[in-house]
Amino acid sequence: MRVNWRYINASRNSYAILYAACEREGHILHHVKSPDSDITCYSLNSINESKYRDEIESAQCITIVGGPHASASREEVAGYADYVIVGEGEYTLPRLLSYIGDKNAVMPPGVATKNEYTPAGQCVLLDYYPPFSKMKGYVEISRGCPFRCAYCQTPQIFGHCMHHRSIDTIVSYSSRYRDGRFVTPNAFAYGSDGIRPRFDKVRALLEKLPNNIYFGTFPSEVRPEFICDTSLDLVNDYCRNTRIHFGAQSGSNTVLKMINRGHTVEDVIRAVECCRDHDLIPVVDFIVGLPNETEEDQKATCRLIRWIVRFGTVHAHQFMPLPGTELAGCKTGPVIPDLLHLLGSLSLKGKLTGSWGDPQIRFSR
Ligand code: SF4
């Protein structure tokens with residue numbers, strides 16, 4: 001039985017993780033550019049799902065679809081795919097492949113079809129699975145998030161309980177890279193419950209890693225209230241990055257409350273000042289067109305962005321209602337001309353990146 005992985009750039013880290021997990025169980029995921037026999041696996045987000053739907057529906061092979069969109073919209077995806085993996089795939093996918101190869105076996109929990117679905121009973125232990133093997137990917141150091149940002153799918157897929165890969169495993173896999181970069185919902189929350197920092201554990205990790213580490217920056221970010229003298233001293237002492245990437249999302253406390261961000265504008269200002277005081281460049285995320293924002297809310301965002309770009313840069317992207325989130329079904333709100341003009345002019349000056357008119361770009365980079 002040949003098993004294929006439909007290569008999609010946006011899901012390359014999922015490929016690395018699942019390649020390693022399936023390899024351990026004797027299944028090799030062959031890289032393909034179109035569906036092929038016997039089985040083709042996909043990982044889709046809510047942006048690229050529409051691009052692959054027809055391909056999956058008309059595929060002449062067994063199709064398995066996972067990823068954020070499949071987890072959030074399992075019934076919809078089960079309408080055109082044979083099997084849908086809901087949530088984490090490391091445990092479920094190899095067992096589903098074994099089940100397909102031996103119909104006497106029992107379909108594992110965490111898989112949905114048109115006719116049945118049993119939820120997975122537990123979350124994956126990160127240390128039990130390698131972050132990658134032959135197909136390289138970034139090392140995922142933590143998973144799960146205790147926050148409930150109204151636009152975000154992460155806690156719906158990985159749960160609200162933050163858990164971590166052990167230091168020894170992270171060190172072992174990082175040594176295979178010239179530059180060490182990590183996947184995590186919040187790098188400064190390593191070792192903690194995601195709410196109360198454990199900088200002793202972050203230090204213990206960084207002390208053991210080789211001197212080639214980028215922490216609190218691409219491909220992950222941190223939360224503003226975790227930015228402080230202690231965390232930034234750790235970056236300056238042990239890491240190579242000169243930038244710290246974090247989310248502000250709005251310059252209005254009313255909007256931050258509405259989207260359950262769990263921090264304030266004042267936290268963002270303090271975080272930017274702290275970066276400045278530690279000679280680190282803040283790179284700050286904003287969401288444009290959140291539902292129910294008023295003109296005053298967007299003017300407050302303009303003021304905050306203008307202030308931030310004195311010390312760093314901004315990354316803006318357009319709000320998109322994602323299935324499975326609190327804001328699913330909401331419409332992208334209008335953006336006032338002042339904010340559009342500001343984003344455009346900062347982009348021309350090299351002070352701003354992102355896409356505030358086309359959410360596709362955010363996901364396809
Ligand atoms: S946006 Fe970040 S902090 Fe908020 S729920 Fe998602 S992962 Fe957690």
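Hi everyone, let's start with a strand. Strand 14, residues 281–288, is mostly covered, with six of its eight residues buried. Before I go on, please keep in mind that this is a predicted model.

So what does strand 14 pair with? On one side of the story there is strand 13, residues 243–249, which runs parallel to strand 14 and is joined to it by six bridges. If you want a place to look on your screen, find Ile244, which stands opposite Pro282 in strand 14. Then there is strand 15, residues 313–318, and its pairing with strand 14 is also parallel, again over six bridges. Here the pair to look for is Val283, which stands opposite Thr313 in strand 15.

Now let's step back to the whole chain. The domain assignment gives us domain 1, covering 3–118, and domain 2, covering 138–364. Taken over C-alpha atoms, the centres of domain 1 and domain 2 are 29 Å apart. How many residues does each domain bring to the contact? Domain 1 brings 14 residues, and domain 2 brings 14 residues. On the domain 1 side that touches domain 2, helix 1 (12–24) and helix 3 (68–72) each supply at least two residues. Helix 3 gives the most to that side, with four residues.

Next, the inside. The largest nonpolar core has 94 residues, and Val65, Val84 and Ile85 are the ones with the most contacts inside it. Which helix gives the most to this core? That would be helix 1, with eight residues. The core also draws on both parts of the chain, taking at least three residues from each of domain 1 and domain 2.

Let me zoom in on Ile85 for a moment. Leaving out residues up to four places away in sequence, Ile85 touches Ile64, Gly66, Ala70, Thr92, Leu93, Leu96, Gly110 and Val111.

Last stop, the ligand. Which residues surround the ligand? You will find Cys145, Phe147, Arg148, Cys149, Cys152, Thr154, Pro155, Pro185 and Arg223 there. Sorted by class, that shell has six nonpolar residues, one polar and two charged.

Key. Residues are numbered from 1 along each chain as its sequence is written. This is a predicted model: local features need pLDDT of at least 70, side-chain atom pairs count only at pLDDT 80 or more; totals for chains, interfaces and linings use all residues. Domain bounds come from an automatic or database domain assignment. Two residues are in contact if their C-beta atoms, placed from the backbone, lie within 7 Å. A residue is near a molecule or strand if its C-beta atom, placed from the backbone, lies within 6 Å of it. Ala, Val, Leu, Ile, Met, Phe, Trp, Tyr, Cys and Pro count as nonpolar, Asp, Glu, Lys and Arg as charged, and the others, Gly among them, as polar. A nonpolar core is a set of buried Ala, Val, Leu, Ile, Met, Phe, Trp, Tyr and Cys residues joined through C-beta atoms within 7 Å. A residue is buried if 20 or more other C-beta atoms lie within 10 Å of its own, exposed if 12 or fewer, and partly exposed in between; C-beta atoms are placed from the backbone. Two strands pair if DSSP finds at least two bridges between them.
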